[in-house]
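Welcome! Please take a moment with the sequence and the 3D view below, and then let us walk through a few places together.

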Amino acid sequence: MMNSSQDFIPFTCIPAPIAPFASPIPPGLASLYSVCRQAYPDQPNPLQVNASIKCWLGGPDPLDYISMYSNQGDRSLDVPAHWHYISFGLSDLHGDGRVHMPSDPTGPSGFGFELTFRLKKESETSPPTWPATVMQALAKYVFQSQNTLCAGDHVSWHCPLDNSESRIKHMLMVEDPQLGTVHTPFGEVTFIQIVGVFDEELRAAQEWNGPGITNIMKRDPRSGGQWLVTNMNRGESIFEIDPGNKELVESGVSNDGSNLSGVSAKCAWRDKPFSSTNQEPRYRERHSSESDPEYNDTDPILDSVNGYNHSSQLNTCSSPGGRISSANSNSRNSNMSVSHDQRQTNSSMSYVSETGASDPGELVDTKYLEKVYLQLNHEAGSLLPLALKGRLKHGRHFTFKSILGNSAITFVTPGVVGSRVSEEQPYGIHGEWLQILIPEDFVEQMSKDIKDVEKLKEVDLPKTYNWPSRNLSITLVPTDCEF
């Protein structure tokens, strides 16, 4: 199998040893460097990918540095020799507000985590740099959406991570087994490790949960072993390595339901039908002049009340010192989406947890709609059966979170804590948050009516599912459809 591991170097990054600082190393960065020195005492100056222009000076890449260590592995644990990539920049490195708001030392530092990645060594003598591109793209998603990445989360990438012919096309997130969680002067930092997975492994994690799949992967060195080392040349999924793993996952789904509490998506809603040509504008197309802070777009809350809201492709993201370019500007990950895994036995939700924004509280009244027409992009729509069978059937909720802004659509059942809807008023908008109540009998009906949704292809879209008696309509549209 081809492996273009030495191929792609981000144009804003260059590999170089850790450069000395003209002044003392920033305290947050010094704390993280100390952790790395403890793990790799023989490598005080590893190769490092540096953002040529830091984001707080207007550069496009949010991660200041990505260090690349050589790990010899551990034969007793079946851990192969590999390259270990560690990011610096998602946590607060400086403590002076240039990137992150000042942190409480008793809470998370910055976003509270840094990314790592373990790549099995092949014949190369120096670490490939393409993982840095993947890590920067994930960091851009975090900076733009303000959504953190946690152990158990899933990332749909839709192409080989290294742009080769590999079957590794998606990612799961785990806590790094070597670095774990550390405390810095600006708060706590957890090292979250990226684990490359196949299509069928990602799907299984979505249907059940991420930890369940990564625990299966740990059992066999061919699928990553104890430290979940990604092998881009891996030829077999966990279900091909051991067909019994399929029954294990099916049993887990049946007993536990799904931990997937939501997914980032392109989504829209109205209280009247969308244009049949799918060209009726929900929001004006953004032009370069509209990136000006003075630009005043349509108020999304008023739009919601008047009958529609939206989400669209990521555009740009501001940081205190500059503007970070879109994670979707690179075609390699233009369809990237992130799913958040939530381990829970009961279901509760809040404006903050589902939208990522502060709750407007009593400043914004909940508005109720008689009818709701939804639009979802193809991938989001393909998760509807999972949302119904894996979440709502177990009394939980499921959220489609806008990939731009704070709007969200949450399906709820009557027992969900934090809901503002009822069987008498099943469709409610609170701020930019649309809640849709799906009673137990409707869960079964919807599941039957959309049983073909997972088999739909782009050429089959748009496709609309209607429930006139419930005043609900859902239309699935192609991935590249403009919202």
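Which residues of strand E11 (residues 267-270) are buried on one side, and which on the other? Cys267 and Trp269 are buried on one side, while Ala268 and Arg270 are buried on the other. Buried here means under 20% relative accessible area, with a 1.4 Å probe and protein chains only. In a regular strand the side chains alternate between the two faces of the sheet. E11 runs antiparallel to strand E17 (residues 372-377), and four bridges join them. Within E17, Leu374 is the bridge partner of Trp269.

A word on the source: this is a predicted model, in which local features need pLDDT of at least 70 and side-chain atom pairs count only at pLDDT 80 or more, while totals for chains, interfaces and linings use all residues. Residues are numbered from 1 along each chain as its sequence is written, and side-chain values use heavy atoms, leaving out hydrogens and water.

Now to the nonpolar cores, sets of buried Ala, Val, Leu, Ile, Met, Phe, Trp, Tyr and Cys residues joined through side-chain atoms within 4.5 Å.

| Core | Residues | Members include |
|---|---|---|
| Largest | 38 residues | Leu90, Leu138, Leu149, Trp157, Met171 |
| Second, separate | 37 residues | Ile409, Ile429, Trp467, Leu472 |

Finally, visit Thr413, in the loop between strand E19 (408-412) and strand E20 (427-430). Thr413 is buried, with a relative accessible area of 7%. A polar atom of its side chain lies 3.5 Å from the backbone oxygen of Gly395.

How values were computed:
Buried < 20%, exposed > 50% of the residue type's maximum accessible area, 1.4 Å probe, protein only. Helix = DSSP H or I, 4+ residues; strand = E, 2+ residues; numbered from the N terminus. Pairing = 2+ DSSP bridges. Polar contact = N/O pair within 3.5 Å; in protein donor to acceptor, adjacent residues only side chain to side chain.
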